[in-house]
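Here are my notes on the model you sent, as numbered points. Please read them with the structure open.

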Amino acid sequence: QRRKAKREAKALEATGKTFDEVINFGNMVEAGRKCCDGSRWKTSTILFETHLLPECADIVETLAGEKRRFKGFHSFTTVEHGKARQIDALPIQERAGQKCLCQNYLTKAFSRSFISTNSASLEGRGMDYALETLHQQLTRHFHRYGLEGGIYQFDFKGYFGSLPHDLIKARARRVIRDDRLYRLYCSYIDDFLKMKTADPKAKRKRGVGLGSEVSQITALDAASPIDHYFKDRRRGEAYGRYMDDGYAISPSLEELRDLDRCNHLLAADLGLTLNDKKCIITPFKHHSFTFLKVRFTLQESGKVTMKLSRQSIKAIRRKMDIFRAWVTEGRWTPKTPSRATRAGGHTRSGATATAPWRPWTSASRPCLRRSFGAGRTNSPAPSGPRRQRPGGSTPESRSRPPRPHKEGAAHGIHRPPQMP
């Protein structure tokens, strides 16, 4: 009974907040300032931050009176690694309201039921955390079973665009106790029906947008039943998921095939579709696999090697060719590409000395040398004795006399200086 009461008290602390405790002026100002980070070059962000206090007051008043009217998305298309993605960007006022709701309520309420290897979009986790976790799981597997078994990888087809609204609203109702907060959450979900990729005439409403904080935490929670099936029901050796990419490790290939069959059934119950081309089983012996653009290999000695995938290396080389053209045109200086490669993505976030950074440098450094001659010098080395600066140091001048012995220093006694 005491354990049950303790669990209920902890759950009430995370999900028992009221609307006024979540949506208030102080929380909105803090969320508005965080929304400006990384986008202060935009005119809309400059205007919003200039009038931050009145803007936040208007947002709180609008949400409290349930008078919010959605103004629409700013839609555009980006190409990442040759794949076109439709982005539906929100106005900064809408992003401030969603961030206030997420950081003060939704993230903590939803993440209580997440497994530890659900790694995306959460504080203290991320891509580095997911890669390091997989590295540790492979090492642990080798110590127990050697190279027996393999890894099962799966991927959802059009994950964000296929999330059914009825199921995600039903799952949200379990953790959102306040009726006003639940209505606000549902209004944010209904706004995604105005996306270009959405079908408002469909019988079953589907899809959330990329780039929205509400859609990120919703997408993490949508596939959470699959996570608990793999971890709790099947007691898998190792399992992890990064948004729509997941994996399971087992010493038996037959068990991995059965997991694939059950995973398809679970996804169908949740209204999701698995990508059959990316649902693959890879044995560890004499094989390697790719997860999050990083190629893993479990060697016979037990060493786990992590390298960038071939597609990522080709993308880096193409980027180096573009940088070289910009240097030739005079848009960049010869030193700028080197700084640009050191400022890239997850390889420099968190622990900078982790394994993902080494393949990035090993792939980009030869391209830099080939394109810009980095690390080389075109002028010949000067011959003859090195010229000494006026007043410079010599080996004789660098030698110092021994310091005088201080009384009490040998015994670790510190004597403060005496005042005149």
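Is phenylalanine 291 buried or exposed? Phenylalanine 291 has a relative accessible area of 4% and is buried, since the cut-off for that class is under 20%. The model is a predicted one, and the points below should be read with that in mind.

1. Overall make-up. The protein chain contains 17 helices and nine strands. Of its 420 residues, 41% are buried. Among contacts with a separation of 6 or more, 70% are between residues 24 or more positions apart.

2. The pair of Tyr247 and Phe291. A pair of aromatic rings is described by the distance of the centres and the angle of the planes. There are 17 aromatic pairs in the count. In the one formed by tyrosine 247 and phenylalanine 291, the ring centres are 5.1 Å apart and the planes stand at 75 degrees. The pair is edge-to-face because that angle is over 60 degrees. Tyrosine 247 belongs to strand β5 (residues 245-250) and phenylalanine 291 to strand β7 (residues 288-291), so the pair links distant parts of the chain, 44 residues apart. Tyrosine 247 is buried, at 2% relative accessibility, and phenylalanine 291 is buried at 4%.

3. Ring pairs join Tyr152, Phe154, Phe156, Tyr159, Phe160, Tyr229, Phe230 and Tyr239 into a cluster. Asparagine 263, in helix α13, touches Tyr152, Phe154 and Phe230, and also Ile226 and Leu274, when residues up to four places away in sequence are not counted. The relative accessible area of asparagine 263 is 0%, so this residue counts as buried.

4. Phenylalanine 296. This residue lies in strand β8 (residues 294-298) and is buried, with 0% relative accessibility. Which residues does phenylalanine 296 contact, leaving aside its neighbours within four places in sequence? They are Leu131, Leu134, His135, Leu138, Ser288, Phe289, Phe291, Val304, Thr305 and Met306. Phe291 in that list is the residue that pairs with tyrosine 247 in point 2. The C-alpha atoms of phenylalanine 296 and serine 309 are separated by 9.1 Å, and the two residues are 13 residues apart along the chain.

5. Charges over rings. Arginine 180 has its charged end over the ring of phenylalanine 19, at 4.1 Å from the ring centre.

6. Side chains of opposite charge can pair when their charged atoms come close. The structure has 16 salt bridges. One of them joins aspartate 221 to arginine 171, with 2.9 Å between the closest N and O atoms. Aspartate 221 is in helix α11 (residues 213-222) and arginine 171 is in helix α9 (residues 165-175), so the bridge ties together parts 50 residues apart in sequence. Aspartate 221 is buried, at 5% relative accessibility.

7. Salt bridge within a helix. Arginine 257 and glutamate 254 form a salt bridge whose closest N and O atoms are 2.9 Å apart. Why are the two about one helical turn apart? Both lie in helix α13 (residues 253-269), and they are three residues apart there. Arginine 257 is partly exposed, with a relative accessible area of 43%, whereas glutamate 254, at 56%, is exposed.

8. Within it, glutamate 49 bridges to arginine 40, and the closest N and O atoms are 3.1 Å apart. Both residues are partly exposed: glutamate 49 at 31% relative accessibility and arginine 40 at 38%.

9. Packing of α1 on α6. Two packed helices are described by the angle between their axes and the distance between the axes. Helix α1 (residues 2-15) packs against helix α6 (residues 92-111) at an angle of about 145 degrees, with the axes 8 Å apart. From α1 the contact uses Glu13, Ala14 and Thr15, and from α6 Tyr105, Lys108 and Ala109. These residues divide into three nonpolar, one polar and two charged.

Key: Residues are numbered from 1 along each chain as its sequence is written. This is a predicted model: local features need pLDDT of at least 70, side-chain atom pairs count only at pLDDT 80 or more; totals for chains, interfaces and linings use all residues. Side-chain values use heavy atoms; hydrogens and water are left out. Rings of Phe, Tyr and Trp (its six-membered ring) pair if their centres lie within 6.5 Å; planes under 30 degrees apart count as stacked, over 60 as edge-to-face and the rest as tilted. Helices (H or I, at least four residues) and strands (E, at least two) are DSSP runs, numbered from the N terminus. Buried means under 20% relative accessible area, exposed over 50%, partly exposed in between (1.4 Å probe, protein chains only). A charge sits over a ring if NZ of Lys or CZ of Arg is within 6 Å of the ring centre and within 35 degrees of the ring normal. A salt bridge is a side-chain nitrogen of Lys or Arg within 4 Å of a carboxyl oxygen of Asp or Glu. Axes are lines fitted to C-alpha atoms, for helices over the stretch in contact, and angles run from 0 to 180 degrees between N-to-C directions. Contact means heavy atoms within 4.5 Å. Ala, Val, Leu, Ile, Met, Phe, Trp, Tyr, Cys and Pro count as nonpolar, Asp, Glu, Lys and Arg as charged, and the others, Gly among them, as polar.
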